[in-house]
Amino acid sequence: MTVATTVKTEYEAIIGLETHCQLSTNTKIFSSSSTAFGGEPNTNIDPVCMGLPGVLPVLNAKVLEYAVKAGLALNCQIARYSKFDRKQYFYPDLPKNYQISQYDLPIAEHGWIEIELVDDAGNSTRKRIGITRLHMEEDAGKLVHAGSDRISGSTYSLVDYNRAGVPLVEIVSEPDLRSGQEAAEYAQELRRIVRYLGVSDGNMQEGSLRCDVNISVRPVGREAFGTKVEIKNMNSFSAIQKAIDYEIERQIAANEAGEKIVQETRLWEEGTQRTISMRIKEGSSDYRYFPEPDLAPIEVTDQELEHWLSELPELPAQKRHRYEGELGLSPYDTRVLTEDHPVSEYFESAIAAGANPKAAANWITQDIAAYLNKQKLGITEIALTPTNLADVITRIETGKISNAQAKEKLSDLLSGVSPEKAFAGQELITDPAILEPIVDEAIASNPKELEKYRNGNTNLKGFFVGQVLKKTGKRADPKLTNELVEKKLNA
């Protein structure tokens, strides 16, 4: 008798991200209103962003510069000729009922970024994620629904047009991502890049960086994609990962049950940790794009492109490669050090002042990072300068002070006390002639512990070392003290 066996289908996820990034210009994309966040509702507005009759938009030159720099940093091909289009958008948060965006001729296309995943063991895996396009557009206003977080269930809605007309770049990835972890890392790398460039603060809580996820699943080995679902309303990298992981399981379960996946837009509910249906997904035909008649086409000259390219800083992935290859740092260290541009600048300034790279990395990623997290500060807000950190590290490595002494004085150093003052009169005793009598005294004054040691309890060596450190106010050189104590105990 033959028993039939059921082979479980293996699925893979196909994931792409559409990321809207607000540019850090002082004024809006087509008008002179302020882009400052947090103002009173409907105060940073003007006739252009309100779409009043008879007004004409004028492109903010800084927006073009920032968009091109972002495109270059994403290894994109920059279009020498591009244009703006009207995207029909009948919704209360854009008062003129269309959005000025770019459609068939975006400013940048065909790029890529590298993401790096580090596992719990500290091993890193690198992967290139393709960038389909980057284009410029204006942001919409913000709707607030009373009594609910969306229109359904609300009693009334209010609209704040301060955000209308704030410049955006939309970055569309290729469907190269395969997990929630990869997608979250991709979004974080985008944020690192725009922050390094200085074109955006990338603050997800304030809406400066917003990610929409397109996701489908298919049986492993099948070339055709499954039905795509979009997920919105994710305001953190952890939410991106959790929403994707949930949606993958939901779609696999639906496929296994023979249910049809509907192309739709879904929302991530943080409270219930699930996605819920919002609306049937629109296609590009629903927006009825046509060329924006009030704006001239954009031409980027060779001189502009060369100038903007020359202003690009060393980017996070480049720094990670250099720190690993030239400085011998671990993937974990390089990741922490390059997360924020000010941290990497602090690290490099400490090295330039003579600090050992590994020692500087350890201080910055461990002791200093712990202090910053506890105090909720940035590294530019501490009084310990990179030069003074290098001084401390040099004192440790030349045997003038111990690592323990430096850690004891860390709070003083962070508050601005100079190494000279912090360690005045604290230099290590490195002369054996001075230490030997102190070691002899420590052993002689503890006969019971000496007897236990010589009866096999060798762990008591640390006790005698501690006695010597206590008698010298922790000024005894730890290495020399260990050697002398061991020699005397085994004599």
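View 1. Across from His135 lies Glu170 of strand E10, its bridge partner. The model is predicted: local features require pLDDT of at least 70, side-chain atom pairs count only at pLDDT 80 or more, and totals for chains, interfaces and linings use all residues. Residue numbers start from 1 along each chain as its sequence is written, and side-chain values use heavy atoms, with hydrogens and water left out. Strand E7 (residues 124–138) and strand E10 (residues 167–173) run antiparallel and are joined by 7 bridges. Strands (E, at least two residues) and helices (H or I, at least four) are DSSP runs numbered from the N terminus.

View 2. The order E2-E6-E7-E10-E1-E11-E12-E13-E14 describes an open sheet of 9 strands with mixed pairing; two strands pair if DSSP finds at least two bridges between them. Strand E2 (77–78) and strand E14 (274–280) each have a single partner strand, so one side of each edge strand is left without a neighbour in the sheet. Helix H2 packs on this sheet, where it touches strand E1 (11–22), strand E6 (108–118), E7, E10 and strand E11 (209–219). The direction of H2 makes about 115° with that of E6; axes are lines fitted to C-alpha atoms, for helices over the stretch in contact, and angles run from 0 to 180 degrees between N-to-C directions. Contact means heavy atoms within 4.5 Å.

**View 3. Helix H3 and its buried residues.** The 20 residues of helix H3 (residues 237–256) should span 28 Å at 1.5 Å a residue, and the end C-alpha atoms are 29 Å apart, which agrees. The expected span is 1.5 Å times one less than the number of residues. Among the buried residues of H3 are Phe237, Ile240, Ile244, Glu247 and Gln251; buried means under 20% relative accessible area, exposed over 50%, and partly exposed in between (1.4 Å probe, protein chains only). The buried residues of H3 pack against E1, H2, E11, strand E12 (229–232), strand E13 (264–269) and E14. Just after H3, Gly258 adopts a positive phi of about 80°.

**View 4. Ser216 in strand E11.** Ser216 belongs to strand E11 and is buried, with a relative accessible area of 4%. Leaving aside residues up to four places away in sequence, Ser216 touches Glu12, Ala13, Ile14, Phe225, Gly226, Thr227, Lys228 and Gln251.

**View 5. Helix H7 and its surroundings.** His341, Val343, Ser344, Tyr346, Phe347 and Ala350 are buried in H7. Helices H2 (180–197), H5 (316–327), H6 (331–338), H8 (357–375) and H9 (386–397) are the elements against which the buried residues of H7 pack.

View 6. The whole structure contains 0 disulfides, a disulfide being a pair of cysteine sulfur atoms within 2.5 Å. For Cys76, the nearest cysteine sulfur is that of Cys21, 13 Å away; Cys76 counts as buried at 10% relative accessibility. The sulfur of Cys211 lies 9.4 Å from the closest cysteine sulfur, in Cys21, too far for a bond. Cys211 is buried, with a relative accessible area of 2%.
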